[in-house]
Amino acid sequence: MTSTTRTVTLAHDSGGFRVDLTVDERGEGHPFLLLHGGGGPQTVAAFAGLLAEQRPARVLTPVHPGFGGTVRPEGLTDVPALAELYVRLLDDLGLSDVTVVGNSIGGWIAAEIALLRSERVSSVVLVNAVGIHVPGHPVADPATLTPAELSALAFHEPAQFAVDPSTFSEAQRAVAAANRATLQVYSGPHDMTDPTLRERLAKVTQPVLVAWGESDRVADADYGRAFAAAVPDARFQLLHRTGHMPQVETPGQLLPVVWDFAEAYATDRPVD
C-alpha cells in the first residue's frame with residue numbers, strides 16, 4: 001500500500017481553496033474509488049486490500065478531510081463539496097473507467113458524484129448509503145448513540161464487532177471525537193439526510209448498484225429499496241446475514257457483487 005498526500009484545488013464562491021487529501025492506493029488494474037463512512041478510513045481498509053489482492057484492481061481510498069487525524073478546511077462543509085473534491089482528484093490523476101464505491105455517508109458522497117456525471121466514472125455502487133429522506137424509515141444518528149447502541153444497530157452479529165472505548169488511548173479518543181464532529185459537519189442539520197437528494201437522483205444517468213445488508217438497522221432494507229427506486233434503472237442487491245457495513249462484516253459476499261457490477265459496465269475508454 002502507498003499512502004500519499006495530494007493537494008486538490010476546489011472552486012468556491014469567494015475563490016478557490018486547496019485541500020490536502022490523504023489517499024491510500026493498492027493494486028493494479030480496474031480503478032476503484034472507495035469511500036468510507038462515518039466510522040472512519042479503517043472501515044474500508046481491509047476491504048480495499050482484499051479487492052486489490054483478489055482482483056486486478058487499483059483501489060484508491062481517500063480519507064475525508066477531518067477524519068483519521070487529518071485537517072478539514074473551513075470551506076469544506078458538506079457532501080456535495082466532497083463529491084466535487086473527489087471528481088477533481090480523478091481529473092488530477094487522469095483516471096478513466098472508475099467505479100465509485102461508497103458505504104454509509106461514503107455512499108451519499110458516491111450518489112452526489114453520480115449526479116456530477118463525470119466521464120471518468122463508469123459505474124457507482126452504493127453500499128448501505130444514507131442521505132435521502134424516506135418517511136417512516138429514519139436514519140439512526142450516531143451522535144445520539146453510545147458505541148454499544150450503534151454496534152447493535154449496525155451489525156448482524158454485534159458481539160463480533162463490538163468496540164470498547166475504554167480501551168482507547170488518548171490519541172485514539174481524540175481521533176474518534178474528531179471523526180464524530182466532522183461527520184456532523186458534513187451530514188448537515190437534517191439527521192444524516194439531504195431533503196433534496198431523493199428527487200435529484202432522478203437525473204443520474206450512470207449505472208448504479210445499491211447493495212444492502214438485510215440486517216441493517218441504521219438504515220433498514222426498505223430505506224435501501226427506496227434509494228434504488230429513486231435512481232433510474234438502478235439495481236438492488238440484498239446481502240444476507242449482514243448489517244450496515246458489509247465490507248467489514250461479510251467482505252467475501254460483497255466483493256464479487258462489487259467486482260461483477262464494475263466489470264459489467266467497464267468501458268476501457270480513456271478520458272482526455
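1. Helices here are DSSP runs of H or I with at least four residues, strands are runs of E with at least two, and both are numbered from the N terminus. With that in hand, α1 (42-54) and β5 (98-103) each give at least two residues to the lining of the largest cavity. A cavity is a set of points, on a 1 Å grid over the protein atoms alone, where a 1.4 Å probe fits but cannot get out, and lining residues have an atom within 4 Å of a point.

2. Before going on, keep in mind that this is a predicted model: local features need pLDDT of at least 70 and side-chain atom pairs count only at pLDDT 80 or more, while totals for chains, interfaces and linings use all residues. Residues are numbered from 1 along each chain as its sequence is written, and side-chain values use heavy atoms, with hydrogens and water left out.

3. Back to that cavity. Searching the whole structure turns up one cavity of 30 Å³ or more, and the volume of the largest is about 30 Å³. (Grid points are joined across faces, edges and corners, and a volume is the space filled by probe spheres set on the points.) Its lining is made up of L34, V44, F47, V101, N103, V127, Q247 and L254. Six of these are nonpolar, two polar and none charged. Here Ala, Val, Leu, Ile, Met, Phe, Trp, Tyr, Cys and Pro count as nonpolar, Asp, Glu, Lys and Arg as charged, and the others, Gly among them, as polar.

4. Now for the cores. A nonpolar core is a set of buried Ala, Val, Leu, Ile, Met, Phe, Trp, Tyr and Cys residues joined through side-chain atoms within 4.5 Å; buried means under 20% relative accessible area (1.4 Å probe, protein chains only). The largest one has 65 residues, and L33, Y86, I113, L201 and F227 have the most contacts inside it. Its largest share, ten residues, comes from α2. Another core of 22 residues lies apart from it, with V59, L239, L254 and L255 among its members.

5. Have a look at V63, in the loop between β4 (57-62) and α2 (79-93). Is V63 buried or exposed? V63 counts as buried because its relative accessible area is 8%. Beyond four places in sequence, its contacts (heavy atoms within 4.5 Å) include L21 and Y86. The C-alpha atoms of V63 and L21 are 6.9 Å apart, although 42 residues separate them along the chain.

6. Finally, S215 sits in the loop between β7 (208-213) and α7 (221-230). S215 is also buried, at 18%.

Definitions and conventions
On a 1 Å grid over the protein atoms alone, a cavity is a set of points where a 1.4 Å probe fits but cannot get out, and a pocket is an open set with protein on both sides within 12 Å along at least five of seven lines; lining residues have an atom within 4 Å of a point. Buried means under 20% relative accessible area, exposed over 50%, partly exposed in between (1.4 Å probe, protein chains only).
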